[in-house]
Structures are given as C-alpha cells and as structure tokens.
Amino acid sequence: MKEAKITIENLTVRYSDGVEPLRNISLTVQRKAITVFFGPAGGGKSTLLRVLNRLNDLTDVASVEGRVLIDDQDILDPKTDVISLRRRVGMVFARPVVLPFSIRGNLTYGLELAGERNRDTLEAAVKRSLKQAALWDEVKDRLDEPAVALSGGQQQRLCLARVLALEPEVILLDEPTSGLDPISTGKVEDSLQELKKKYTIILVPHSVQQAARTADHAAFFLQGELVEHAGGKKIFNTPRDQRTDDYVRGRFG
Amino acid sequence: MALSLRERLITGLIKASGYSAIVFVLLIFYFLLQEGTPALSQVPLGTLFSGRWYPIEDYFGLLPLISGSLVVTIGAGLVAFPLGLGTAIYIAEIAPRWMREILKPLVELLAGLPSVMLGFLGIIVFSPFLRSWLDIPTGLSALTASLLLGFISLPTIVSVAEDALDAVPKAYRDAALAIGATEWQTIWRVTVPAARTGILTAMMLGLGRAIGETMTVMMVAGNAPVLPRGLDIFLSPVRTMTATIAAEMGEVANGSTHYHVLFFVGIVLFLISLSVNVTASIIIFRQGKRAERMLS
Amino acid sequence: MKASPASRSRYIWQKVVFSGLTVITLLTVIPIILVVAYILVQGLPAISWEFLTAMPRDGMRDGGIWPALIGTLYLTIGTAIFAVPLGIGAAIYLSEYAPDNRWTRLIRLAIINLAGIPSVVYGLFGLGLFVLFLNFGTSILAGSLTLAIMTLPVIISTAEEALRSVPQAFRVVSISVGGTRWQTIRRIVLPEALPGILTGIILGLERAAGETAPILFTVAAFFLPSLPNSPLDATMALPYHLFVISTQVPHMPVQIQYGTALVLVVFVLVMNLSAATIRSRARARRQW
C-alpha cells in the first residue's frame, strides 16, 4: 500500500458571495499514482485543484476551512511558502497557454524565476522535460522558435514540460485534453502513465471514458460534495452510490 | 509570504506612484486657494462679480470674462458637436476598414497640433479671410475663436464617441438588421442610442477642452472684456478667463490685488473643470453599474 | 423580389444621410490636411541650416531659432524624467495591484481631473509651487515639473490600457510556476505592454512640447542672449517663440513665423508617425 502524499481533511471553501464550491471534503491522494477527480460541471473539482497549489488565493475566496496536508505539512497555514509550494505542485490548465517566449524560454521560465542561472542546468532541464512530455523529437531543432507557432497538442505538451522542468512532486491537470484531437490526447495520456512512476498525479478528465482509462484511483464530485472514492476501476464498474452510477452510465451530466 | 526586501520596496514605490495623482490634485487645489483667496478679502464680492474688468483702475469684475468663456465655448460646441458626432458615426459605422486607417490618424494628427500654431494661422490667415468674406469689422472675434476652438475640440469628441460606438455589442446591430432595418435605421435607432452615455461624455469632455483652451483664444478672440448685449456678441472681440490669466499674469506684481484676482480666476476655472469631470465620471460609473446588473 | 415603395424611400433616405455624413467627415478632415500642407509650403523657404542652428538676431527678425529648439528639447527631456517613471508606476499600480475599493476610485477620479485642468491653470500652479514656494525661479526645472504633472494623466491612461490588454492567462501561468507578482510584471506583462506604453509616452511628450500656457510663467523667456546652462536657468521654447514672434514683435517677417510653425508641424508629424509605426509593428509581432 503506497503512503498518502496528500491528505485533505474537512475542507470547505466559501466565496465572498456565500457560494460554497467545496463542502467538507476529506480524501487522501496516493503517492506515485494517477488519482482522477471526475464529475459533472460545477462539482468543485477545479476549485479543489486550485486549493492544492494555493492558486485560489487569486480569486474571490472569503474563507477556507479544514486542513490540506502535503507530506504532513498543512499548506493552508498562512506561514506556508506559497512560492515554493507552487514549484512542488505544478498545474496544467485546460487551455494551453504558452508564454510569449521561445520554446526554450517557456521551459526555463520557472527555473529562472527561482534564481537558476547556470546555462548547463537550464539546458539539461529543457531536454529532460521535453523528453518526459514526449515532445523532444518534434521540437529539438527549433527550440528558439516562438512557442506560439506549435500546434494545439504540442502546446499542451509544452505546458506539461514547463511544469516538469521544475521537477515537482505533484502534477495537477485540469481537463488537459479538452481541446485536443484524439491523437494528441493519446500522447498525453501515455505520458501520464510514464510520469506516474515518478510523480503524484491528479487529473480532472474531460470525460468519464478518459477517467476510466487513466485512473488508478478515482473520486466522484457532485455539487461541491465528495460522493465517493475508491481505488482501481471499481468506481466505474460497481459504484456504491446511486448518483455515481447514474453519472457513469450517462443518465445525467 | 516570503517576498524579498527588494520586491517589497518596488511594490511600495508603485503604490506611491498610484496615489501620487491624488496628491497632485490636492496640491494644485491648495496652491490655487492659497494665492487666490486673498482676492476675496481684497476685493468686495459684489465688485468681483460685477460687469467691468479694468484692472488698471482696480475694476475686477469677472462677469465679462466668464461670459467671454461661455460665448466662445458654446460657439465651439455648436461647431464641434455636429461635426464630431457625424465624423465619429462615419468612422465607426460607415467607413470601410481602409478608410478608417486613414481617418483615425488624421484626427490624431489634429489632436497633436499645438494650439499656438492654430492660433498663429488664425491671426495670419483665417481671421483676415473671415473679415473679408463676411464683411465684418474685425476678424478677431468670438466667431473666429469659436470656429477654431470647435476644431481643436474635435479630436476629443471624435475619439471618445467613436470608442463608445465601437463598444456597442455586435448583437444589437445584427438583431436590428435581422428584422429588416436598413443600415442607417440601425445606426440611428439602435447603435447611437446604445452609445448615448459615451457620446454624452464625449461632448462634455469636448466642452471641457474648449473652456480650458488658452493660446488660440488669446490670439484670435480679440481682447475686449465686454458683457454680451445680444447675439452680435459673436461678431465682436471677447476675452475669456484663460486668455486673461495668460495675458496679464506676466505683467502683474507679485502679491498685488491683480495677482490674487488672476489666481482667483484660476480657481473658478479649476472648479468648472472639476464639475464637468466629476459629472462625466458619475455618468460613466452609473452606466457601468447598470450594465453590470443587466448582464448578471 | 422588388422592394416596396416604403422601403425604397428608406433606402433613398439612407443614401442622403450617408452622403451628408461623408460631407461632414470631409469637413472635419480636409482642413487638417490643408493646415498642415499650407504651413509646410509656406514655411519651407525659411528653412535652412542657419535657421535651425543660429541664434536670433535683430530682435528675432533675423537669424535662427536654435535657442528655442534647444529649450524645447531640454523641457521635453525634463518632463520625461519626471512623468515617465511616475506615470508607468501609477499605471502598473492601477492595472496589477489596486483593489476594487473607494481609494482606487478616488485615484481614478484624481487622474480624470488632472486631465481636465486647463493648461493655463497648470501654469498658475507651477508659478505658485515651483517658481515661488520652492524658489526654483523661472527655470527649466519648474517648467519640466509643471509639464510633467500635466502629462501624467495621458501616460497613465495609455499605459494602463496597454498593461490591461496583456492576457490574464499569462499572469496565472506565471504565478502557477512560482512567480511573484512583481516577477510576473517585470518579465511578462511589462515587456508585452511596452509598445503601447511607448506610444502613450510619445503622444504625451508631444503634447507637452507643444504647450505654451504652462510654460508662460514657469520657464519661458522672451529672449535670452545665451543658452541655458543649468536646470535652474530660464529658456526660450518653440511654442512660446512662435507666440511671441506672431503677436509681440512689430515688423516680423512672415517667413520666419512660418518657418517656426513648420518646425512645430514637422515635429508633430514625426512623433505621430513614430507612434503609429510602433503600434503597427507591435501588432504584427505580437505572440498573442
């Protein structure tokens, strides 16, 4: 049994207008595996991801209650070093957003922010992360070209590489393939299967099918509530809750 | 949050820059008050608002100056509103793309021309031309000033109004056209009314520009602080508040009554522009709030 | 399908109105072209190397406009030194840091007010604060400070618009890889907004260089026998020079007046052209 990397205890998030996108969530996320947060829109999955790297600090949040432990340290503690947290917990967004730099520049950006100046270290990180994201062969001859010239699928893998360049511990992916064609989607999913050997991965899929394909563990969210969670593919074949069953079978969503 | 000392310093400087605008407005108001309010004690209030401005003999009546400014501003408005709105509508709604790329830089060019240069042309070309063409006694009059001022205010009105028209959602236009309206009907009955707040703001800002203009009026409006007796004021020379300050400040002794009165005129100008701008902002803010409520 | 009589008349009316609006626009735009062309034509004969670089002689009826040119250059540089950092700083604050509260609204109101204050009132203010109270005297320093405060609103509003136009997604990505707010601004937002900011600075400085009223009592001198040596010296300036020679000097050759006006016009044309070029180049090279 792998140990827990992330432990969420009684997490409740409230916006300043009273809306509660997450209510009393308690969950553990296993190390070096792919955990899937799935469910219909408005379930709170994206909000939960953004709690994990404290990106929700940028939004209109009134209060966050509960504890979120990463390696036994509560990241909701005000004394947390949010900057280094965000390097340890990387995020890939739904729409690929490449920065207005070259491909190389996109990859070295995070490291340069952290103060890394050594050319060799940076170059090594570029190569390593591109290989991990299965993009190296396609772009190795044009690293100095603007990243915006890449195709949609390539851009998204570049965003993944950007996160990997920082050697995080956790990778959060919020519907990373929603805008991509099936081939690119397949490439991303294959990369994730490789990456889970080294990193803790949390994925919000864009379809139940993707959830079923990729999940080592799965958690079903509905309207801010964690309905149920289980290991393996059990939740898709034999869910405990009727609502989960309804959603998995496509009766709503 | 482990923000470095350097970052905290920079953030502080940025914040200070932001607040500096407030500091400057207060400073300006303060110094105007400091040098202008002595006028209130040195010149009885009745005289201050009387109809005779003749500083050499200690007549400090502001009314002719205020009326001069009003006359010239109204005249400028009569010129600038139709021209400005018409041009804005043309540029925003009718002109093809390539023409917009020519028209907009031209209007921007007008905005950049120094007012002293337009005043110079006014003296040397425009006012003799008007004098002979209209057969009037002098070319240096409120009329000349209004025409030039209207022109100077055009870029303000055109750009703000054009922005407002551009901001009208395409959906409105599409809906009107879909039910069979002609393009002009759409523009006049849908787009322009939808942009009316922005257009109103454009007019107010244009008026504000006209009232505050100094050099052009100083050079072509003539030089007579008189009260209007009828509509023929347009053909006679007038004096605006701005021109008075510019023309007489160089000759007054520091601390004299004349000096303080000129600052007082400055206060009047400041308050006028303050009220125009505050009103315009309130209109914008209220429109913004109403738009938010409609969309939510 | 043939149009009904009612709709045909609507289309006729539309044609009439559109023609009318075309005429109105021409009425607006043709004079601009005429003004510029006229000054270029009338002023060109006066332009020579001597005119541009010599000192004025014979009560400015002869010689050149060099001190006025230099004076305007100094004033523009001085204005830039004060207005550019302050203006960009304020714009960054409004775009990246300012919360949505009463204080921010007050700042915006202050900026709108600064934009609306008549230029001659700025002159009074400059006289009261810089020339008299701070005892800088009629000087380039006093004039630059006055012009700088006057130019601030233009720079702040164009710079803020340029900063806001940078996609929010960039900022989110930068934060998500561990960037601080200032790092994000310095490395992404500011560089991407730079063309727009530069355009605003150019247009603002252009306006400052052409203003007469604010420098009337704060810096401008009718005639100086020598060039200014320090920021505390008074100086001649181009717009003031034009004003003086067209209204105060008897028997002034028309040629020289037109020549001075031409220098101003060319200056405006060059500035506007630079701004437009920066804008269109930036749009072409934009990576978003």
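Predicted model: local features only at pLDDT ≥ 70, side-chain atom pairs only at ≥ 80, totals over all residues.
1. The axes of helix α3 (residues 66–97) of chain C and helix α8 (residues 181–210) of chain C come within 9 Å, crossing at roughly 140°. Angles over 145 degrees would count as roughly antiparallel, so α3(C) and α8(C) are oblique to each other. Their crossing is right-handed.

2. On the α3(C) side you will find, among them, C:Thr72, C:Leu75, C:Thr76, C:Ala83, C:Ile88 and C:Glu96. They belong to a contact whose α8(C) side includes C:Arg181, C:Ile185, C:Val189, C:Ile197, C:Gly204 and C:Ala209. By class, the residues of the contact of α3(C) with α8(C) are 13 nonpolar, four polar and two charged.

3. Staying in chain C, have a look at helix α7 (residues 168–176), where the buried residues are C:Val173, C:Ser174, C:Ile175 and C:Ser176. These buried residues pack against α8 of chain C, and also against α2 (82–88) and β6 (89–92) of chain A. Just after α7(C) comes C:Gly178, with a positive phi of about 95°.

4. Next, the contact between chains B and C. Here 68 residues of chain B are in contact with 65 residues of chain C. Helix α1 (residues 5–36) of chain B gives the most to the chain B side, with 20 residues. That side of chain B has 44 nonpolar, 19 polar and five charged residues.

5. Helix α8 (residues 170–178) of chain B packs with helix α9 (residues 183–194) of chain B at an angle of about 155°, and their axes are 10 Å apart. This angle makes α8(B) roughly antiparallel to α9(B). The crossing of α8(B) and α9(B) is right-handed. From α8(B), B:Tyr172, B:Arg173, B:Ala176 and B:Leu177 meet B:Thr186, B:Val190, B:Thr191 and B:Ala194 of α9(B). The contact of α8(B) with α9(B) has five nonpolar, two polar and one charged residues.

6. The largest nonpolar core has 250 residues, and B:Met117 and B:Ala161 are the ones that touch the most other members. If residues up to four places away in sequence are not counted, B:Ala161 touches B:Gly84, B:Leu85, B:Ala88, B:Gly198, B:Ile199 and B:Ala202.

7. In chain A, do take a look at A:Arg54, in the loop between α1 (45–52) and β4 (61–70). Is this arginine, A:Arg54, buried or exposed? A:Arg54 counts as buried, because 20 C-beta neighbours lie inside 10 Å. Leaving aside neighbours within four places in sequence, A:Arg54 is in contact with A:Ile75, A:Val82, A:Leu85 and A:Arg86. The C-alpha atoms of A:Arg54 and A:Ile83 are separated by 9.4 Å, while the two residues are 29 residues apart along the chain.

8. A:Asn10, in strand β1 (residues 4–15) of chain A, has a positive phi near 50° although A:Asn10 is a residue other than glycine. With 12 C-beta neighbours inside 10 Å, A:Asn10 counts as exposed. A:Glu167 lies in the loop between α6 (152–164) and β7 (170–174) of chain A, and its phi is likewise positive, near 50°. A:Glu167 has 17 C-beta neighbours inside 10 Å and therefore counts as partly exposed.

Methods. Residues numbered from 1 in each chain as written. Chains lettered and ligands numbered in written order. Contact = placed C-beta atoms within 7 Å. Helix = DSSP H or I, 4+ residues; strand = E, 2+ residues; numbered from the N terminus. Nonpolar A, V, L, I, M, F, W, Y, C, P; charged D, E, K, R; others polar. Axes fitted to C-alpha atoms, helices over the stretch in contact; angles between N-to-C directions. Parallel < 35°, antiparallel > 145°, perpendicular 65-115°, else oblique. Left-handed = near helix turned anticlockwise from the far one by under 90°. Core = buried A, V, L, I, M, F, W, Y, C linked by C-beta atoms within 7 Å.
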